[in-house]
Amino acid sequence: VKVLAVYNAKGGVGKTSTVVNLAFEAARRHCRTLVWDLDPQGAASYYFRVAPRLEGGAKGLIRRRDRVSGHIKGTDFENLDLLPADFSLRNFDLHLDRVKGRRTRVAKVTKLLVDHYDLILLDCPPQISLASENVFAAADCLAVPLIPTTLSVRTLDQLDDFRTRTNQSEVPLRCFFSMVDGRKRLHAEVMEQLWAERSDVLRSAIPAATEIEQMGVHRAPVGVWAPGSIAARAYGDLWEELMGSLRVSA
Amino acid sequence: MAEYASMQPLLIAVTSSVAADHQADSAGDRVAAIGRRLTAELGLSSDGRGHVERILLDSFDWRLYRHGWMLEHERTLPDGASRLRLRPLDTSAAIVEADSESPPVRPEDVADTPLRQQLSDLVGPRAIVPIVAVSSRWTRFRYLDDEFKTVGRVNVSEATIAGGGPDLGLTVQVLPVRGYPAEFGRLAAAVGQAFGTAHAIEPLLQAALAVGRPPGQDPSAFDIELPADATAPAAIRMLLGRVLSVMSANEPGVRDHLDDEFLHDFRVAVRRGRAIVHLARGLLSEPERQWLEGELRWLGGITSPCRDLDVLLEDLEAEHPELSSREDDLVPLLHQLRRWRIEAREELDRALESERYAALLVGLGSTAAREGEGCGYGGAGQVEPALAGPVLADRLRKVHRTMCQRGRRATTEEDWHDLRKLGKRLRYQLEGFRSLAAEPAAEALDALRHLQTTLGEAQDRAAHAALLHAAGLELASVLGASTDQAMSTDVARALLATGGLVEWHRRRGQVALDAAAKVFGRFDSRASHRRFERLWYALEASANDPVPVPRSDP
């Protein structure tokens, strides 16, 4: 896997914290890793202390993709770079709609970068749109964080439908539970149900942990300042299982 | 990636005056003291310290370095975590790395990663050997911006050659963080102001220099620069000294069977030695010359079976589209040839352990090191030492003339084989003395190489056919003695395939022989003779002030 998109049309499910922590896990294992922050809110950029600003904005990025390497910033961590967000990404769909090959613009950018990185992680905004289609076209795998609730399961069904309608269902999908509260019976039931029904749901689960909420305070992955915490270990396990399952399926 | 590539890391050797302030400290303390200065004067933030052991790896002939790469095996202490890292000598390409418990000997020893493929492409058939090991203590610092984001890095380290070698000094390395060129510039300037701007060499490469392995310099290269005023005996002595050093450099690799190229280079050095000794009639004492010639012939003869089998096995193991259907049939043949190679290697090992070989090295060494113009050619009948160029021009001209006469008369396979040997000897002799007349020598060597390629092909095919024929006879005797039905079938198949191979090599050899007369015709052409005449003229004139050399083309 070269391009891994962390995606869910629903917001607040832990996409960005997953991207930041998985990227850290990858870089720690000597994988040359790039995070592309596609979310105009720029939370991943914030966690890595990089200003969410692209010279020429989102429009410049898709029209002059040959200049993409000039936008990349190193982070505090070796082997881990960031392509920062920009507020103009809120109009990403509009910019994409005005260019030729509007469904494959993101893929064209990632193609320029794959030789320089072992892994490119896409932090996607919560929407189903032209930008999402671009992400699906670029990704070698979609990682979908799910809060174990009925609404989340419904969102997953919607994603399956959308991928089928847009002929993009061949990209491997791996779901995992996020913000899991072990005290809630509903969470346990939904998890059991999905594990029974679908083979693409990973066993690793990210707990609803204070450390993850505190990432905004520390502005760093959990593994940096709370390496022994349950949350840090959960991201480590998720990385191992995710990579293991993709190696097997490949 | 051009923007990032333009930000080259800056490696500064801490000037002796700064280092002297901390002379009494231990290595770790000196690094810490420099670190304290960085924190206090430049406001850098500490980012850990450690101890690391690094081994510089490359092929014996520096194939990685010559392609712009550096391979290092790194072990961090005390945890012992080990990595293998291939990094470009500049920042034009990305670093490739993989986990590796111990330094690899071959690319296949590396885990199945892009690094393995890249190493395989770069080193080819050569083994990966350790060049030098360095032990370093380091402290790392970050240069932070207003958001406390790392925008530059500084490493302070002090390295020593492992195993009690000398100190390589303190270095301060300023590393860019991608996307922050202005901050890197400011940091580099500040560090330069604090510690001087004496650029340092990467400690591993510096260590290689210190142990007498200059990076990129092939120890087997026969690129000796003879002074224009060297006398003929002195030139012979210098060349024999180089022969000895190439043999000695390759000998451990031959003994350990690291890769086939060690034996190849060792054998070429022995042949060069023979060619030079052959030319030294009257320049060395005759008993000494004859003894050296005999001993080098003996050693060359011992290396032949092993080298022939190396080449044949490499040929058989390579992909041959025309032979692929017989791949399985060849297994018994390959076993037989590998058995022979083991026996040939054992014989070679015994020879390298023998007193006779030790005496040859001593003899070569003493001939090479002997003072005085006559190289021991003293006493009654001593000749006046002459300058190398004119003497060699005269002698090499005769070899060339003999070659041309024999070539004109050559009709049989044997004739062409003799011509090839004579041509090879002339080539080795010319290569030894080429520094005296670089450009004309290169032209003459080109002409010789063209002839050698065709004659060499004929000889290689004949040698392969003979070896395969002998192996076939051995397989036939196995077949005759076997009572095992399955084994008999395998051997019979191998025999049939071997017969096919013998025929194939003979046909290819015949094609080369058929072309030999035509190729020799070009070598014996008027234009080619003009090239050689130009060379003889240049050699004769080499001892004088620069003399215009006539052009070979009218």
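Q: Is B:His51 buried, partly exposed or exposed?
A: This is a predicted model, in which local features need pLDDT of at least 70, side-chain atom pairs count only at pLDDT 80 or more, and totals for chains, interfaces and linings use all residues. Side-chain values use heavy atoms, without hydrogens or water. B:His51 sits in strand β2 (residues 45-58) of chain B, strands being DSSP runs of E with at least two residues and helices runs of H or I with at least four, numbered from the N terminus. Buried means under 20% relative accessible area, exposed over 50% and partly exposed in between (1.4 Å probe, protein chains only), so at 19% B:His51 counts as buried.

Q: Which residue does the side chain of B:His51 join in a polar contact of 2.9 Å?
A: Beyond its neighbours within four places in sequence, B:His51 is in contact (heavy atoms within 4.5 Å) with residues including B:Thr76, B:Leu77 and B:Trp138. A polar contact is a pair of N or O atoms within 3.5 Å; within protein, one must be able to donate a hydrogen and the other to accept it, and residues adjacent in sequence count only if both atoms are side-chain atoms. The partner at 2.9 Å is B:Ser135.

Q: What distance, N to O, goes with the salt bridge of B:Arg37 and B:Glu41?
A: Both residues belong to helix α3 (residues 27-42) of chain B, four residues apart, about one turn of the helix. B:Arg37 is partly exposed at 23% relative accessible area, and B:Glu41 is partly exposed at 48%. Their side chains meet at 3.1 Å.

Q: How many residues apart in sequence are the parts that B:Arg356 and B:Glu295 tie together?
A: The closest N and O atoms of this salt bridge are 2.8 Å apart. B:Arg356 is partly exposed at 39%, whereas B:Glu295 is buried at 10%. Because B:Arg356 lies in helix α12 (residues 355-369) and B:Glu295 in helix α10 (residues 286-317), the pair ties together parts whose separation in sequence is 61 residues.

Q: Which helix of chain B holds both B:Arg461 and B:Glu457?
A: These two form a salt bridge with closest N and O atoms 3.2 Å apart. B:Arg461 is buried, with a relative accessible area of 10%, while B:Glu457 is partly exposed at 24%. They lie four residues apart, about one turn, in helix α15 (residues 438-481).

Q: How many salt bridges does the structure hold over all chains?
A: Side chains of opposite charge can pair when their charged atoms come close. Some link into a network, whose members include B:Arg54, B:Glu72, B:Arg85 and B:Glu202. Over all chains, the number of salt bridges is 55.

Terms used
Residues numbered from 1 in each chain as written. Chains lettered and ligands numbered in written order. Salt bridge = Lys/Arg side-chain N within 4 Å of Asp/Glu carboxyl O.
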